[in-house]
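Please work through each task before reading its solution.

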Amino acid sequence: FFQHVDSMLLGHKQFVQFNIITICRYALFFLLLIFLTPAYKVEGALWASIIGLVGANVIAFMYLLKHGPPIFSISLSFLNKAFIYGAKSQIGLVLSQVNRRLDIFIINLFLDPSHVGYYTIAVVIAEFPWYISQAAATALFPEASGMKREDAYTFAAFVCRNVLFIVLCLSIMLLVVGRILITTVFGPDFVV
């Protein structure tokens, strides 16, 4: 439901509201995690996640109501197409996640768990620039989908060049300050 509501906000090009909801979701989750986990352990963390998600859904739904009331109609042909597409998409998503994290299982197979920890920290920091491209893609799709084909090509190329430049600069910066960052955030034991 949350992704559906998020997608509708992006379809209306409500990027500010989309970001507000995302920030509210994680801020609420973080605050509840701090207060509920010490007292309720795993159940507290689970409730923090559920309440954060439900709270963000309520805020998102209130934003969407500004565009008009929801229309409840059922189209069986659409549901059939959506189910088939969703099933294929879900299989692709699961395989993608396995592909992205298979390296951790392989490293754990040949090395000890401490090396897996070192490798995981390095991967988390190295993946940081991806967030820039993911943010650009989130805004690019709704924007480009409403353009003429030629304008969309030009716009996508412009965004791609700028994102590539930003990611390159950020990667160089991480190369320079990576060791300091790892030492500061995770401690000197994680520097190899």
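Predicted model: local features only at pLDDT ≥ 70, side-chain atom pairs only at ≥ 80, totals over all residues.

**Exercise 1.** Which residue's side chain meets that of R100 in a salt bridge?

*Solution.* Step 1: The partner of R100 is E127, and the separation is 3.4 Å, N to O. Step 2: R100 belongs to helix α3 (residues 76–110), whereas E127 sits in the loop between α4 (113–126) and α5. The two residues are 27 residues apart, and the pair links distant parts of the chain.

**Exercise 2.** Determine which residues are joined with E127 into one network.

*Solution.* Step 1: The side chain of R101 also meets that of E127 in a salt bridge, at 3.3 Å, N to O. Step 2: R101 lies in helix α3 and E127 in the loop between α4 and α5, so this pair ties together parts 26 residues apart in sequence. Step 3: Through shared partners, R100, R101 and E127 form one network.

**Exercise 3.** Is E127 buried or exposed?

*Solution.* Step 1: The relative accessible area of E127 is 15%. Step 2: Buried means under 20%, so E127 is buried.

**Exercise 4.** Where in the chain do K13 and E143 lie?

*Solution.* Step 1: The side chains of K13 and E143 meet in a salt bridge of 3.8 Å, N to O. Step 2: K13 is in the loop between α1 (2–11) and α2 (15–65), and E143 is in helix α5 (residues 130–145), 130 residues apart. Step 3: K13 is partly exposed at 37% relative accessible area, and E143 is partly exposed at 25%.

Methods. Residues numbered from 1 in each chain as written. Heavy atoms only, no water. Salt bridge = Lys/Arg side-chain N within 4 Å of Asp/Glu carboxyl O. Helix = DSSP H or I, 4+ residues; strand = E, 2+ residues; numbered from the N terminus. Buried < 20%, exposed > 50% of the residue type's maximum accessible area, 1.4 Å probe, protein only.
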